Amino acid sequence: MQNIEIINRYFPELNPRQLQQLEELEALYTHWNAQINVISRKDLEELYVRHVLHSLAIAKVQTFRAGQEILDVGTGGGFPGVPLAILFPETQFTLVDSIGKKIKVVQEVSAALGLDNVEAIQMRAENVPGKFHYVVSRAVTQMPVFADWVKGKFHTQYVPGDLPNGILYLKGGDLREELSIFSEAKEFDIPQYFSEDFFETKKVVFVPARSLSKALRK
């Protein structure tokens, strides 16, 4: 596996506790993946690029603030939510997945790391209670379907200078057709932040919450 130095290279502001938590991810996911397969073997060997750094691409687009609430839909083994929770310890993260064994891994990893800003729940996105400032995810489905799941789950407060409340979605390839109904969608190419070949076609897609209902009515 790659050393966490690849994370430190792009996020030099990390403190010793955050670096320690990130370093512990390797052993924790190796242990739990042997019991509950949530990451492919090849991806586990490249954990810090394909999962951790990829998750943190969202942080290059938007800095989450203390007290904000973030929902990670279809978190799988905890991505992007766990790395983001390490990076933003004063932000509250709710990680949901419909598959119980994946949520067990998230709960165990979060507990081992002492992440008291993470709640992991086995639940479908449509049924998650409460409101959130941002919803994050890694390409669990087409954007119109995903937007329909989460369209009513956003706070209305807005911090000037930030992106408006909305979806921050990790996905790759040509997304023009998929995003065609979302006139306010923005694509941020990850290679402008990270130089690894893995990110060549990958993006962070932002869709503001205010545009979802109108777009889905078209």
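Colleague: How far is the backbone nitrogen of L163 from a polar atom of the side chain of Q62?

Modeller: The two are 3.0 Å apart. Keep in mind that this is a predicted model, where local features need pLDDT of at least 70 and side-chain atom pairs count only at pLDDT 80 or more, while totals for chains, interfaces and linings use all residues. Residues are numbered from 1 along each chain as its sequence is written, and side-chain values use heavy atoms, leaving out hydrogens and water.

Colleague: OK. Which side chain makes a polar contact with the side chain of Q62?

Modeller: That of D162, at 3.4 Å. A polar contact is a pair of N or O atoms within 3.5 Å; within protein, one must be able to donate a hydrogen and the other to accept it, and residues adjacent in sequence count only if both atoms are side-chain atoms.

Colleague: Where is Q62 in the chain?

Modeller: In the loop between α4 (47–61) and β1 (69–73). Helices (H or I, at least four residues) and strands (E, at least two) are DSSP runs, numbered from the N terminus.

Colleague: And why does Q62 count as buried?

Modeller: Because its relative accessibility is 3%. Buried means under 20% relative accessible area, exposed over 50%, and partly exposed in between (1.4 Å probe, protein chains only).

Colleague: What is Q62 in contact with, leaving aside neighbours within four places in sequence?

Modeller: F88, Y134, D162, L163 and L168. Contact here means heavy atoms within 4.5 Å.

Colleague: Switching to helices. At what angle do the axes of α2 and α6 cross?

Modeller: Roughly 140°, for α2 (residues 16–35) and α6 (residues 100–113), and the axes come within 10 Å. Axes are lines fitted to C-alpha atoms, for helices over the stretch in contact, and angles run from 0 to 180 degrees between N-to-C directions. α2 and α6 are therefore oblique to each other: angles under 35 degrees count as roughly parallel, over 145 as roughly antiparallel, 65 to 115 as roughly perpendicular, and the rest as oblique.

Colleague: Which residues make that contact between α2 and α6?

Modeller: From α2, R17, Q21, E24, L25, L28, Y29 and W32; from α6, K104, V105, E108, V109, A112 and L113. They divide into 8 nonpolar, 1 polar and 4 charged. Ala, Val, Leu, Ile, Met, Phe, Trp, Tyr, Cys and Pro count as nonpolar, Asp, Glu, Lys and Arg as charged, and the others, Gly among them, as polar.

Colleague: What about α2 and α4, at what angle do they pack?

Modeller: About 120°, with axes 12 Å apart, so α2 and α4 are oblique to each other too. L22, E23, L25, E26 and Y29 in α2 meet L47, Y48 and V52 in α4. By class, that contact has 6 nonpolar, no polar and 2 charged residues.

Colleague: Now the backbone. Which residues does a cis peptide bond join?

Modeller: F79 and P80, with omega about 10°. Most residues other than glycine have a negative phi, and most peptide bonds are trans. P80 is in the loop between β1 and α5 (81–87).

Colleague: How many residues apart along the chain are P80 and V118?

Modeller: 38, and their C-alpha atoms are separated by 12 Å. V118 lies in strand β3 (residues 118–122) and is buried, at 17% relative accessible area.

Colleague: Last one: what is the phi of A139?

Modeller: About 45°, a positive value although A139 is not a glycine. A139 is in the loop between β4 (134–138) and α7 (143–150), and is partly exposed at 38%.
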